[in-house]
Amino acid sequence: MAEIKNLNPVEIWRNFDKLTQVPRPSGHLEKIQAYLLNWAKEAGVEAFQDPAGNIVMRKPATPGMENRKGVILQAHMDMVPQKAKDSKHNFETDPIETIIDGDWVHANRTTLGSDDGLGVATIMAVMEAKDLQHGPVEGLITRDEETGMFGANELPEGELNGDILLNLDTEVWGEFVIGSAGGIDITATLDYKEVETGQEDAAVKVTLKGLKGGHSGIEICEGRANANKCMVRFVREAIAELDARLASWNGGNMRNAIPFEAEVVLTLPKENVEALQDLVADWKEELQDEFKGIENIEKIEFFTENVETPKMEVPQEIQDNLVDAIYACHDGVLRMAPSMPEIVETSSNLAIVEIGEGKAAIKILARSSHEGYKAYIATMFESCFSMAGMKVELSGSYGGWNPNPDSDILKHVLKVYKEQNGEDGKVQAVHAGLECSIILGKYPHLDVVSFGPTLCSPHTQFERCQISCVAPFWNLMKQLLAEIPTK
């Protein structure tokens, strides 16, 4: 059976294979930090961990190229820990199990970590190479990008020496990104006093699963089903028509991933259980009809299970307020960018709903490349959830990266790409958060472009990397470094 460490180019795949063996979910990065420092020591590469938990590597210029502009290669070390519901994988202890499938590498029902392990592997490949021509090179491998860009936000000023930043966290080969969206986290919470469930009531757990989910920035424009927004339509009808009451709700688990499953426990009079089962069947048909051509409708599961009746449930007024707020809150694309109408400007992802045991929490990630609209959508959520009596907190705000179409490094990258591939590269801005905006805030002199090999469905168990893109990506990197202009 083929192994990824033997794929071409072996310089990158060998290092990526090593990274898959080191657990590195966001928030649990001690093992990968230690691994990278030890790897650098064994490879004879200067490296240190900065106060923000980032790993910085430095490599001097090859002889005769000391007068070239300094290049910073940048990627993030953490990965999104998403898996299939029935997977027993433990992201804090288990290696990622990789599978080669034709021209693609994916994992065994978990995220692959190519976002952004391939970027990290590329930095490692450059740092250890003995045959590359280049000026001074630095590697910046940031911590906890996926959960709040903490490594970039806490990056010390004055730590980096380079003039050019090549961010290696873009997911379409042949696209060269010069702008990205900013974002803000919205968290609405409420503590409530539970009430006793009716003595004669039955309880039913209702599960919606099998949706695609996906990246809440890049794939938000595809109109994919949001499990929480689908579930609330059913729950509201069950409450109104069948005297159902909400005991608990769990949907979604990552702010930056479109939720692909949700489950609720409802209590209701025993004589209404059969009608509830019929209602679930009706809603399954409705969702399959609405999302035909977008979701894999044959994979959508919407079903009931009879469960032990919980002793306590959500008070009716609180329940109604929460359900109305979830129903009313915005999800999806709010506005396209006026200057680039094919790009989403402002969007939101109703990512996580947790209700039960006297506590309710709703967590959202809103994105916009326009600061005014970012503030507008955040205030929209604040207004919506405040009306439900919830406490609303805004946090983790980061600005967008404004495109510079006259960038010198962009022109250089496009020239080399066309020479090597015989076609023009596509200049793009993305509706995702890239660390470039934050790093530019601390190092405003940097000339920046972002690119990488093709990845599909990052932040989901279906994440995969296209093998045939990695060799041309590596060829571009090698020639770019060899031809970096003088200072």
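Buried area is the accessible area (1.4 Å probe) that two parts lose on being put together, summed over both. The legends below describe a predicted model, in which local features need pLDDT of at least 70, side-chain atom pairs count only at pLDDT 80 or more, and totals for chains, interfaces and linings use all residues. Residues are numbered from 1 along each chain as its sequence is written, and side-chain values use heavy atoms, with hydrogens and water left out.

**View 1. The two domains of the protein chain.** Domain 1 comprises 4–180 + 401–483 and domain 2 comprises 183–398, with bounds from an automatic or database domain assignment. Their centres, taken over C-alpha atoms, are 34 Å apart.

**View 2. The interface of domain 1 and domain 2.** About 1,900 Å² is buried between the domains, and carbon and sulfur atoms give 57% of this area. Contact (heavy atoms within 4.5 Å) links 21 residues of domain 1 with 26 residues of domain 2.

**View 3. The salt bridge between Lys 85 and Glu 261.** The closest N and O atoms of this pair are 3.5 Å apart; a salt bridge requires a side-chain nitrogen of Lys or Arg within 4 Å of a carboxyl oxygen of Asp or Glu. Across the interface of domain 1 and domain 2, the rule finds one salt bridge.

View 4. A polar atom of the Gln 288 side chain lies 3.0 Å from the backbone oxygen of Ile 297. Leaving aside residues up to four places away in sequence, Gln 288 touches Ile 297 and Ile 300.

Technical notes. A polar contact is a pair of N or O atoms within 3.5 Å; within protein, one must be able to donate a hydrogen and the other to accept it, and residues adjacent in sequence count only if both atoms are side-chain atoms.
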